[in-house]
Amino acid sequence: MIPMKGRSLNRRKFFMLLGAGGAAFAVKPIFGLASDNFQVKEKPSTNIADAAKNPRTAASMPGKYPGKVVLVKNEKSVMNDEPVEVVAYLMLQSAMTELTGQKNLKKAWRTFVSPGEKIGLKVNPVAGKTLSTSHAIVKSVIKQLTESGIKLSDIIIWDRRDMDLAEAGFTSENYPGIKIMGTELKDAAGSFYDKDGKLYGERNIDKEWFYWANVEGEYDSETMPYMINGGKYSYFSKIATQVIDKIINIPILKNAGGSITNAMKTLHLVSFPTPEDCILRCGTTPVQRSVHLLLSVIKWF
């Protein structure tokens, strides 16, 4: 779970630090592989130094329980190849109380969230209805949040693409009272572009807050509609910078090419719905690994 704003850490400063921290990590392995057969390239200029000027606080990553993982198992969690919501609720309850050391579930959740905050449930719907983030988990999280004093109207289910959310069943019909939000959109005709030839998703990126690297990105016409923009700037989604106060990441076990990413990429790619700089994409991996709540492993029924 990630705090997005508050007295101790401004939401926008947090995102600058997130991008800077990941990029800083990435630059070293990418450009530090010097050998007899490898020509070291000059590091591209970035805006990392500007972000690094923001001082760390008690709310800075890696968060309240750095490196702590709670594993919960239950043989009855899946019946007839379907996750069982009532069992998922109990598993989540057990995990939350063990993680925080609180005997009371409400107190466990209040360790992370407070009434009045906008809570973003970051799901991963890219694999359709069967393999996307489990609805049993999402509904259990929502139930426990409301039991802890969070209003239903203050909970947002979000991801990068509005159409993926709908395909995986994250709809207002299945989640009454919950806002469903995606950065990238299609219209009723299936187009990513409005009548003026502008991407609908471009309305949803925050151009005041970005990661910048002097590396020019080039993407083909098939890729670009999903990416908002090319060039040297990676902008944040307005969902992350202007709508939500806290993020609960509920990812899936997934692959990226020949590797398994699990929770390590899913949050970055939706926060930065732009194609630029593989440095940033690769670099945020270790940062995100440290801030994901145990919901990362509960999906593995």
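User: At what angle do helix α3 and helix α6 pack, and how far apart are their axes?

Analyst: Happy to start there. This is a predicted model, in which local features need pLDDT of at least 70, side-chain atom pairs count only at pLDDT 80 or more, and totals for chains, interfaces and linings use all residues. Residues are numbered from 1 along each chain as its sequence is written, and side-chain values use heavy atoms, with hydrogens and water left out. Helices (H or I, at least four residues) and strands (E, at least two) are DSSP runs, numbered from the N terminus. Axes are lines fitted to C-alpha atoms, for helices over the stretch in contact, and angles run from 0 to 180 degrees between N-to-C directions. Here, α3 (residues 85–100) and α6 (residues 135–147) pack at about 60°, their axes being 9 Å apart. That makes α3 oblique to α6 (under 35 degrees is roughly parallel, over 145 roughly antiparallel, 65 to 115 roughly perpendicular, and the rest oblique).

User: Which residues of α3 and α6 make the contact?

Analyst: Contact means heavy atoms within 4.5 Å. On α3, the residues include Leu92 and Met96, and on α6 they include Ile137, Val141 and Lys139. By class, this contact has seven nonpolar, three polar and four charged residues. Ala, Val, Leu, Ile, Met, Phe, Trp, Tyr, Cys and Pro count as nonpolar, Asp, Glu, Lys and Arg as charged, and the others, Gly among them, as polar.

User: What joins the side chains of Glu184 and Arg161?

Analyst: A polar contact of 3.4 Å joins them. The term covers a pair of N or O atoms within 3.5 Å; within protein, one must be able to donate a hydrogen and the other to accept it, and residues adjacent in sequence count only if both atoms are side-chain atoms.

User: Where does Asn174 lie, and which residues does Asn174 touch?

Analyst: Asn174 sits in the loop between α7 (162–167) and β6. Its relative accessibility is 41%, so Asn174 counts as partly exposed. Leaving aside residues up to four places away in sequence, Asn174 touches Lys139 and Gly169. A polar atom of the Asn174 side chain lies 2.7 Å from the backbone oxygen of Gly169.

How values were computed. Buried means under 20% relative accessible area, exposed over 50%, partly exposed in between (1.4 Å probe, protein chains only).
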